[in-house]
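Hi there,

Here is the structure I promised to pass on. Have a look at it first, and my notes follow below.

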Amino acid sequence: MSSNKNALIRYKTLDKCLKNKYRKYTLEDLIDECSEALFEFEGKESFVSKRTVQLDLQNMRSEKFGYEAPIEVYERKYYRYSDPEYSIHNISVNESDLKAMNNAVQILKQFKDFSMFKEMNGVIQKLEDSIHSTNQKSIIHLDKNEQLKGLEHIDALYDAILHKKVLNITYKSFKARQSDSYIVHPQLLKEFNNRWFLICSNKQYVYNLALDRMENIQTEEKIDYIDMNLDGDEYFKDIVGVSVSPTMAPRNVVFFVDSSNAPYVKTKPFHASQEIVSESNEGTIFKICVQLNYELERLLLGFGECLVVHKPRKLRLRLQEKFKAAGKNYENLVIDDED
């Protein structure tokens, strides 16, 4: 059992003893009570030292955990609360605490219909009731889409990653004519641009599967799970989005953004590696170091005529062809404009 949980059990036990009006507790009695409480919880012999209980009492008296418990020693040997109504479970909440809790509640409320947070409904309601904020509108609004297809799979995938389970996923990509089954070792869940992806492996390769293309998920109990020990920050450090190539080296991408849009790119960088190469009245030239992938192209294309890729040449020519094709779409468009 963790040391934090040990401490919580001791504080709870000491609180029960110190508010008991019908018994006198010496330091030795408190040590015995704490040892007994830990024994009952763990099911094995557990001895609490005199030093530990003395530090616990000191911490309860201090502001360290917000208790400031009125612990006194009377008759030079017995411990009790000087205020018979005091308990560490009756901590008062000041106005600043209420405001902080209220802000947290308003944010949590936005997740309460989201699959992973359904169990939070009761907790959120209790917080709202306790801080009298049920009628306050949310000031912070997070971008989310509870109707997004595939969200119903998050709980099962999260559980599989947590408990290291191998999965058999029936999956149909947008390009496929029929569904395929994949035996995968789930590693991470990733959200990008309001869509969710499972980062998984099949012993040799790590790749992503979009949750909205999953049709069925089954657990493979007879296959041993392989943990890739993926660190999300490290795994995604060289890309924009979710598509990571195991063989592609990151490239320097140099692009120009006109003066009207450069401030947006400065304040919301495309990537952590972004830096300014040069600035002029016409605009700013930026540089990022990333792998070239589909999500990067979509990001760059989104700025339309306001952004021009300089390097690498392959990416510049690819975007140039896409803009030409887009222009032809409009040139060849036949539509009734009477509406």
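Predicted model: local features only at pLDDT ≥ 70, side-chain atom pairs only at ≥ 80, totals over all residues.

Which residue lies over the face of Phe236? Lys190 does, at 4.5 Å from the ring centre. A charge sits over a ring here if NZ of Lys or CZ of Arg is within 6 Å of the ring centre and within 35 degrees of the ring normal.

Residues are numbered from 1 along each chain as its sequence is written, and side-chain values use heavy atoms, with hydrogens and water left out.

Now the overall picture. The protein has 10 helices and 11 strands; these are DSSP runs numbered from the N terminus (helices H or I, at least four residues; strands E, at least two). Of its 339 residues, 34% count as buried, where buried means under 20% relative accessible area, exposed over 50%, and partly exposed in between (1.4 Å probe, protein chains only).

Next, the aromatic rings. The structure holds eight aromatic pairs. Rings of Phe, Tyr and Trp (its six-membered ring) pair if their centres lie within 6.5 Å; planes under 30 degrees apart are stacked, over 60 edge-to-face, and the rest tilted. Tyr11 and Tyr67 have ring centres 6.0 Å apart and planes at 80°, so they are edge-to-face. This pair links distant parts of the chain, 56 residues apart: Tyr11 is in helix α1 (residues 3-18), and Tyr67 is in the loop between α3 (50-61) and β1 (71-74). Tyr11 is buried because its relative accessibility is 6%, and Tyr67 is buried at 16%.

Tyr171 and Tyr182 also form an edge-to-face pair, with 6.0 Å centre to centre and 80° between the planes. Tyr171 belongs to strand β3 (residues 167-171) and Tyr182 to strand β4 (residues 180-192), so the pair ties together parts 11 residues apart in sequence. Tyr171 is buried at 10% relative accessible area, whereas Tyr182 is partly exposed at 30%.

Ring pairs also link Phe255, Phe270, Phe286 and Phe303 into a cluster.

Happy to go through any of this with you.

Best wishes
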